[in-house]
Amino acid sequence: MKSVSQRTAMFRRTASFCAVLAAIVSSPVQSQDTSPKPSPADLVDALKTMAGNPPHARANFAKGACVRSHYVPAATAGRVTRSKSFTQASDVLARFSVSSGNPHVADTNKGALRGLSLHLGTESNRSDLLLENAPVHFARDLTQMLASLKARTAGPDGKLDPQVFKDFGAANPEALNQAHFVGARQLPGSWAGTFYWGVHAFPATNNKGETRFIKFKVVPLAGEITLNEEEAKTHPNDFLRADLAQRLSSGPVRFEILAILDQPGDQVMDTTQRWTDEDKRETVRLGTLSIIDLAPDGSCDGDIFNPARLADGIGLPKDEIFAARAPAYAISLGKRLN
Ligand code: HEM
């Protein structure tokens, strides 16, 4: 049997331990980096600087081809989303592209991504979908993104110091996931034969009112078309547009738009990470996109494909990278129209 004084001492020790624990749990995490978070304008400036500030060009994915296409929903679309952009047929203005703010980047550049942007739906239920040929982004937050862009930017002597990016990669291994994904594959040989991903986790509400996270994946019905190193050497810098025009001359180029379904416990905030076994996940067909013909490039250039423009039934992803995108695209539009 403990005495009153022993019990009082034990209570004091327990109370002081609890106070210390509470202080640890409630105190803000001390970050080494006290610099303010980059703004969307900082990122646009960094993208433009990296590309050498070409005038009247998009800050990223500056090279591209505008196309007319048509979307037909699959019977299964409503299982995933009630969005009329996905459950109803529509004519779709779309744009294939190559990453970099340099509008003359070579299509044979293995480090450049392929992009696909869509204005789905009709005016009253428009959703813009922006996709690239990698399932992850090259940064999990804006600070890391700015550091990555700066590490890949030539110095005042016009030269790139490879050691700077090597050091960045060693300190930020997850920021290399995208480069590893692309580097492990052959060069895409055609916009028509490329897989594209929407990268972020989007909350989708179906026609029963149930909400879950999905990731968008676009699959070419022609299968994957790639070039080996020898073939790439014989292809001109601008082969992608000519390849597309040639394929369209013999009929539409088709893609399936799929939703990859979440599972309990999936993280939805880190754009450098895929979901576990993502390639083996259950997918649901949302619809088929048929590219019909090339459109004058001006038809895609007067406005942005706005990642945050989503009709009811698909919500905004919650991660920090996504939140910066729409303002960055608007800033880039302002710069390129001036
Ligand atoms: C914070 C992260 C990002 C920033 C700051 C950013 C910035 C930009 C900017 C400024 C443009 C040019 C917009 C214009 O002038 O119209 C652009 C285009 C584009 N971005 Fe991003 N981006 C980000 C993340 C992503 C991600 C994760 C994807 C892939 C899903 C992506 C795919 C695209 C595509 C496909 C285009 C071309 C749009 C078009 O065809 O007009 N971006 N990006």
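This is a predicted model: local features need pLDDT of at least 70, side-chain atom pairs count only at pLDDT 80 or more; totals for chains, interfaces and linings use all residues.
Residues are numbered from 1 along each chain as its sequence is written.

Strand β8 (residues 211-220) and β10 run antiparallel and are joined by seven bridges, two strands being taken as paired if DSSP finds at least two bridges between them. β10 also pairs with strand β11 (residues 283-294), in the antiparallel sense and over eight bridges.

In soluble globular proteins, nonpolar side chains tend to be buried together. Leucine 47, when residues up to four places away in sequence are not counted, touches Ala59, Asn60, Gly101 and Leu149, a contact being a pair of residues whose C-beta atoms, placed from the backbone, lie within 7 Å.

Leu149 leads on to helix α4 (residues 142-151), whose buried residues are Gln144, Met145, Leu146, Ser148, Leu149 and Ala151. A residue is called buried if 20 or more other C-beta atoms lie within 10 Å of its own, exposed if 12 or fewer do, and partly exposed in between, with C-beta atoms placed from the backbone. The cover over the buried residues of α4 includes α2 and α5 (162-171).

Helix α8 (residues 239-248) holds leucine 244, which counts as buried because it has 20 C-beta neighbours inside 10 Å. Apart from neighbours within four places in sequence, leucine 244 is in contact with Ala65, Phe96, Trp191 and Ala192. The C-alpha atoms of leucine 244 and asparagine 338 are separated by 30 Å, the two residues being 94 apart along the chain.

Two loop residues other than glycine have a positive phi. For asparagine 53, in the loop between α2 and β1 (63-73), phi is near 50°; this residue counts as partly exposed because it has 13 C-beta neighbours inside 10 Å. For serine 100, in the loop between β2 and β3, phi is near 115°, and serine 100 counts as buried because it has 24 C-beta neighbours inside 10 Å.

The ligand is surrounded by 29 residues, of which Arg58, Ala59, Phe61, Gly115 and Ser332 are the closest, a residue being near the ligand if its C-beta atom, placed from the backbone, lies within 6 Å of it. At least two residues of this shell come from each of α2 (40-50), β2 (90-98), β3 (114-120), β4 (127-132) and α10 (320-337), and α10 gives the most, with eight residues. By class the shell has 16 nonpolar, eight polar and five charged residues, where Ala, Val, Leu, Ile, Met, Phe, Trp, Tyr, Cys and Pro count as nonpolar, Asp, Glu, Lys and Arg as charged, and the others, Gly among them, as polar.

For the protein as a whole, the secondary structure comes to ten helices and eleven strands, and the C-alpha trace spans about 95 × 60 × 40 Å along its principal axes. Of its 338 residues, 36% count as buried, and among contacts between residues at least 6 apart in sequence, 78% join residues at least 24 apart.

The mean pLDDT, the predictor's confidence in each residue on a scale from 0 to 100, is 91 for the protein, with 90% of its residues reaching 70 or more. Confidence is lowest in helix α1 (residues 4-26), at a mean of 34, and highest in strand β6 (residues 196-197), at 99. Over residues 1-31 the pLDDT is below 50, and this stretch has one contact in the model beyond near neighbours in sequence.

Note on methods: Helices (H or I, at least four residues) and strands (E, at least two) are DSSP runs, numbered from the N terminus. Two residues are in contact if their C-beta atoms, placed from the backbone, lie within 7 Å.
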